[in-house]
Amino acid sequence: MSFADQTSYLSQDISEVDPDVAGLLNAELERQSDTLEMIASENFTSLAVLQAVGSVLTNKYAEGLPHRRYYGGCEVVDKVEELAIGRAKSVFGCEHVNVQPHSGATANEAAYQAVLTPGDRVLAMALAHGGHLSHGLKVNFSGRLYEFHHYGVRREDCRIDIDQVAEMARAVRPKLIVAGASAYPRIIDFAAFRAIADEVGALFMVDMAHIAGLVAGGVHPTPVGIADIVTTTLHKSLGGPRSGMIMCNADLASAVDRAVFPGLQGGPLMHVIAGKAVSLGHAQTEEFRERQHQVVANTAALADGLIDGGVSLVTGGTDNHLVLVDLSRTDLTGADAEIRLDHAGITVNKNGIPFDERPPTVTSGLRIGTPALTTRGLKEAEMREIASVISTALRPAVSDAELAGLRERSQAISERFPLYPQLVSGSAIA
């Protein structure tokens, strides 16, 4: 292409400019449409969010904060970021919010940087018991920079052992206590953590990436107003674009903002912040609140159906958006079960369970969530049907022919709830 053709290049469709990438985008749209997405950390965002994230705001650099930028031409993006901030405050009732973090892990890193110095002690939930890698895994930045100690769940019921948390806090005297999980199916008692933090003089942080939508919808207790710092993603139960966010008390506002920029990031992704504004605006609607109630109802129906089908669940059930399947008493590993369900048209992820004797590359569990399918419109009846498909797929002697039949059942459900029908036929571009 010559320089003279540049204007033409700017206006061409991706199918003309790069059919290879366009083909892959369409293939992914087809995959998402034809399978039952049940990874607990995934969701389907709205067409409006897709449009915002694919907008001209991707062209704009905007280092700094609104009205305090290091670049000119920020009068519009200032308004976009202020809109996202205001909506976040309205949804969660927080005193201060920074909407610039690129991801949940980045938000956690900034939160740590705001209140810790390298080598400080932190108490958080063990990854093997449902925590997150950015909560002190040794090979992660968090475990390399800070001295993390980890609490877990009780062996007898796999619930958070709050007595252990208190005992460890008294012994370790951490500067920060972290609550929040990536694979814990029960409500977390934030007030109990706050009391322990106050007793030992620690700050209290909650990573609510998984449950943010449930909190916004009023179906899970909020940590905002209890914790000093709350981090989250927007793309899980909240249903926004892939990104992160930090909320905090007013007295930590400057430290948090400095930790994000210039501490960790340069220019914020303004197109993604526009997507955050769209999703946070939707989070203020009655439809959103009803959907979050449906997420919890759907997960309960799924759990009941799995138990009826002979599938064991960690903690025996769920209070939130996910269930954790326990395969430890079977010959089936989490890795094998993930593949089986993929053949059956259901996408999940293998996951460790508390006290797992299998390695993390194999695991004895599956993490299964309902936010994405709830967004597509599925309700309890479909969840019971899906539970039947999963239970059958996990039987020891299931055949390839049976898995193919189960895939047909899954696809029939998918066809009843089309995904993104507004997109032009044959194009994954909003």
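Tutor: Helix axes here are lines fitted to C-alpha atoms over the stretch in contact, with angles running from 0 to 180 degrees between N-to-C directions. The model is predicted, so to speak of local features needs pLDDT of at least 70 and side-chain atom pairs need 80 or more, while totals for chains, interfaces and linings use all residues. Residues are numbered from 1 along each chain as its sequence is written, and side-chain values use heavy atoms, without hydrogens or water.

Student: OK. At what angle do α5 and α12 cross?

Tutor: Roughly 35 degrees, and the axes of α5 (residues 75-92) and α12 come within 8 Å. Helices are DSSP runs of H or I with at least four residues, strands are E runs of at least two, and both are numbered from the N terminus.

Student: Left-handed or right-handed?

Tutor: α5 passes α12 in a left-handed crossing. Left-handed means the near helix is turned anticlockwise from the far one by less than a right angle, and right-handed means clockwise.

Student: Which residues of α5 meet α12?

Tutor: From α5 they are Val77, Val80, Glu81, Ala84, Arg87, Ala88, Val91 and Phe92. Their partners in α12 are Met270, Ile273, Ala274, Ala277, Val278, Leu280 and Gly281. Contact means heavy atoms within 4.5 Å.

Student: And by class, how does the contact of α5 with α12 divide?

Tutor: Twelve residues are nonpolar, one is polar and two are charged. Nonpolar covers Ala, Val, Leu, Ile, Met, Phe, Trp, Tyr, Cys and Pro, charged covers Asp, Glu, Lys and Arg, and the others, Gly among them, are polar.

Student: Which hand, and what makes the contact?

Tutor: The crossing of α6 past α11 is right-handed. α6 contributes Ala110, Gln113 and Ala114, and α11 contributes Ala255, Val256, Ala259 and Val260. Six of the contact residues are nonpolar, one is polar and none is charged.

Student: What about α16 and α17, how do their axes run?

Tutor: The axes of α16 (residues 380-393) and α17 (residues 400-416) come within 10 Å and cross at roughly 160 degrees. That angle makes α16 roughly antiparallel to α17. The crossing is left-handed.

Student: Which residues make the contact there?

Tutor: In α16 they are Glu382, Glu385, Ile386, Ser388, Val389, Thr392 and Ala393. In α17 they are Leu403, Leu406, Arg409, Ser410, Ile413 and Arg416.

Student: How many of the residues in the contact of α16 with α17 are charged?

Tutor: Four are charged, alongside six nonpolar and three polar residues.

Student: Last topic, backbone. Where is cysteine 158?

Tutor: Cysteine 158 lies in the loop between β6 (147-151) and α8 (162-172). Phi of cysteine 158 is near 60 degrees, a positive value in a residue other than glycine.

Methods: Angles under 35 degrees count as roughly parallel, over 145 as roughly antiparallel, 65 to 115 as roughly perpendicular and the rest as oblique.
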